[in-house]
Amino acid sequence: MTAWAFAAAGLGAPLGVATAVVYGVMVFAASLPGAAVLVVDWVRRTPSAPWLEQPAGRVLRVPARPEAAPDA
């Protein structure tokens, strides 16, 4: 479709194909961080990886701001 649109605009079909390929590669690269999050979540839920699970009673508490910090 991109090749046809570029050819109709007078820019040439090869330029349209190259643009479509570069765009596809950029979209794929942009989706990799999300894929990594899904894979890590899947590994943590897998029963064969018990060393990745946190103990049930352990909770990490982080204060919103230090006690001595002034209000902004």
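Let's start with helix 2, which has 33 residues and reaches 47 Å from its first C-alpha to its last, close to the 48 Å expected at 1.5 Å a residue (the expected span is 1.5 Å times one less than the number of residues). Helices here are DSSP runs of H or I with at least four residues, strands are runs of E with at least two, and both are numbered from the N terminus. This is a predicted model, in which local features need pLDDT of at least 70, side-chain atom pairs count only at pLDDT 80 or more, and totals for chains, interfaces and linings use all residues. Residues are numbered from 1 along each chain as its sequence is written, and side-chain values use heavy atoms, with hydrogens and water left out.

Helix 2 covers residues 13–45, and Met26 lies in it. Met26 counts as exposed because its relative accessibility is 53%; buried means under 20% relative accessible area, exposed over 50%, and partly exposed in between (1.4 Å probe, protein chains only).

Now look at the start of the chain. Met1 sits in the segment before helix 1 (2–8), and Met1 is exposed, with a relative accessible area of 77%. Met1 and Val17 are 16 residues apart in sequence and 8.8 Å apart in space, C-alpha to C-alpha.
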